[in-house]
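Reader: Hi! I'm new to reading protein structures, and I'd like a close look at the salt bridges in this one. Could you walk me through them and then show me what surrounds them?

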Amino acid sequence: MGKYTIDEFINQTKQDAGENNFFELETPRILEVNLTDLVWAKLGSMVSYSGDIKFEREKLLEHGAGRMVKKAFTGEASSLMKAQGRGQLYLADAGKRITILELDNDVIAVNGNDLLAFEPSIEWDIKLMRKIAGMMSGGLFYATLQGKGLVAITSHFEPLTLPVRPGLPVMTDPSMTVAWSGHLQPEIRTDMNYRTLLGRGSGESFQMEFSGEGFVIVQSAQDS
């Protein structure tokens, strides 16, 4: 049904007031945060809010000098904001699909571009991709998150989880790689030859290689 009266449209799309968990998916692409204290979220992801909520960009030294140096290489895409107070906060990221993960002393690595929000109980750090600096723009960093609490990640369209098994490494396109088991250490493989240089190959000149046992989450290509 593509045509609505005003009342029909409001009833179809209005906020679900019956849900009050800390993270709730109001739509597949809008996250509701029922805030009672604070949450860390991707800078610029706020869509709307109600209540008494204050926003503050992550301070340069808020998480230590070591992380500040890493952020100097990762740029704006890794910047966080702190939302603090009480109320309902709505977050989104360029229409990407949102997935809520509940960590129970787990460790997960998330592409910095695909990390939307997480509870303050989660410990996190920024890692730089080895052997990839200077090869491609974007996707050069990832965040590791561990502990107990909720994490919201994003993907273009529906995510796909691939198992990684001993002796059967999985290769992925860095820009299509959303997240993976935190204990896996991805390596960068290069496939440069005259065909890729001339634009006649697959175009996938750099791949991430995951070896060991775990999982990797990938996404569909972004619309051009």
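Author: Let's take the salt bridges one at a time and then move on to the sheet and the cores.

Before we start, keep in mind that this is a predicted model. The protein chain has three helices and 15 strands. Of its 224 residues, 40% are buried. A search of the whole structure turns up six salt bridges, and we'll look at some of them here. The general idea is simple: side chains of opposite charge can pair when their charged atoms come close.

Start with Lys42 and Asp93, whose side chains meet in a salt bridge at 2.9 Å, N to O. Find Lys42 in strand S3, residues 38-42, and then look for Asp93 in the loop between strand S5 (80-91) and strand S6 (97-111).

Next up are Lys96 and Asp114, with a salt bridge of 2.7 Å, N to O, between their side chains. Now put the pieces together: Lys42, Asp93, Lys96 and Asp114 are linked in a network of salt bridges.

Elsewhere, the side chains of Arg189 and Glu209 meet in a salt bridge of 4.0 Å, N to O. Arg189 belongs to strand S13 (residues 187-190) and Glu209 to strand S14 (residues 206-210), and they are 20 residues apart. Arg189 is partly exposed, with a relative accessible area of 38%.

Three strands form an open sheet in the order S11-S14-S13, with antiparallel pairing. Strand S11 (170-172) and S13 stand at the edges with a single partner strand each, so one side of each is left without a neighbour in the sheet. On average, neighbouring strands of this sheet are turned by 35° against each other, direction ignored. S11 and S14 run antiparallel and are joined by three bridges. Here Glu209 turns up again, as the bridge partner of Met171 in S14.

Now for the nonpolar side chains. In soluble globular proteins, such side chains tend to be buried together. The largest nonpolar core has 19 residues, and Val110, Leu115, Phe118, Leu145 and Val151 touch the most other members. The elements giving two or more residues to this core are S3, S6, S7, strand S8 (123-128), strand S9 (141-155) and strand S12 (177-181). S9 supplies the largest share, five residues. Zoom in on Leu145: leaving aside its neighbours within four places in sequence, its contacts include Leu103, Val110, Leu115, Phe118, Trp124 and Val151. There is also a second, separate core of 17 residues, with Leu35, Met81, Ile98 and Ala152 among them.

Finally, step back to the whole chain. Among contacts with a separation of 6 or more, 77% are between residues 24 or more positions apart. The protein chain exposes about 12500 Å², and carbon and sulfur atoms supply 52% of that.

How values were computed. Residues numbered from 1 in each chain as written. Predicted model: local features only at pLDDT ≥ 70, side-chain atom pairs only at ≥ 80, totals over all residues. Heavy atoms only, no water. Helix = DSSP H or I, 4+ residues; strand = E, 2+ residues; numbered from the N terminus. Buried < 20%, exposed > 50% of the residue type's maximum accessible area, 1.4 Å probe, protein only. Pairing = 2+ DSSP bridges. Axes fitted to C-alpha atoms, helices over the stretch in contact; angles between N-to-C directions. Core = buried A, V, L, I, M, F, W, Y, C linked by side-chain atoms within 4.5 Å. Contact = heavy atoms within 4.5 Å. Areas by Shrake-Rupley, 256 points an atom, 1.4 Å probe, with all protein chains shown as cover.
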